[in-house]
Amino acid sequence: MFWAVNYPAAVGAAATTRQLPIYSVQPAQGEKKIAISFDAAWGADDTDTLIEILGEYNVKATFFLVGQWVDTYPEEVKKLADAGHEVMNHSDTHPYFTQCSTDKIIQEIESCNDKIEAITGVRPTLIRCPYGDYDDNVVNTVRSLGMEPIQWSIDSLDWKDSSTADSIFQRVTSQATAGGIILCHNDAEYTPDALAAILKTLIDEGYTFVPISELILTGEYTIDHTGMQCPA
């Protein structure tokens, strides 16, 4: 089933239609755009390294930050913004949104937005729900605030204890598709070791990395049952 959306607010979806965030974007003919994103909820030791590696390949990424992380690492937030990366919302305290009231979801989102805007001067327009946890109410609440919920189509699983730099590299490069969104974490042990090889390999394969706000479609669109955003 499909439903029409006018970015960034949902428009008139049938009550029986499940609301989905954006997992990926239907690529335009001949385009091989892809986005890499990092969730930041704990630790910041690797921030400088990630910024350096992304800079070497002239890649702009999207970082989804938890408000409590912003409180703890304001200088790192500024570094990310100053390097030209997107700084977006990952909630204020990282709760399961499906277990929260609508008012609590709004408070979590707006509090994090306020903190990020105070440092970067830019208010986030995108959010990744904590744990990737959502339901119809969560998605509708996010879009009622003029924001877009973002999932992922390429999971590095870099947070797993069993992950290695090679397994992260293999997982990401084997799943890569045009219009895809890669999920990584800012403080996973082997992500910095895998990142350069991922970027080089995908660039050599003809991919262009863009921030998620440049990957997703504006104006009217549909989202199919897989979460792919398509032109209306």
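Mentor: Asn58 follows helix H1 and has a positive phi, near 55°. Helices here are DSSP runs of H or I with at least four residues, strands are runs of E with at least two, and both are numbered from the N terminus. The model is predicted, so local features need a pLDDT of at least 70 and side-chain atom pairs count only at pLDDT 80 or more, while totals for chains, interfaces and linings use all residues. Residues are numbered from 1 along each chain as its sequence is written, and side-chain values use heavy atoms, with hydrogens and water left out.

H1 itself spans residues 47–56, and Thr47, Leu50, Ile51, Ile53 and Leu54 are buried in it; buried means under 20% relative accessible area, exposed over 50% and partly exposed in between, with a 1.4 Å probe and protein chains only. Seen down the axis of H1, these buried residues fall within an arc of 165°, so they line one face of the helix. The arc is that of the directions from the helix axis to the C-beta atoms.

The cover over the buried residues of H1 includes strands S4 (33–40) and S5 (62–65), together with helices H2 (67–72), H3 (74–82) and H7. Contact here means heavy atoms within 4.5 Å.

Leu54 also belongs to the largest nonpolar core, of 35 residues, where Leu54, Ile36, Phe38, Leu65 and Ile182 touch the most other members. Such a core is a set of buried Ala, Val, Leu, Ile, Met, Phe, Trp, Tyr and Cys residues joined through side-chain atoms within 4.5 Å. Helix H7 (residues 191–204) gives the most to this core, with five residues.
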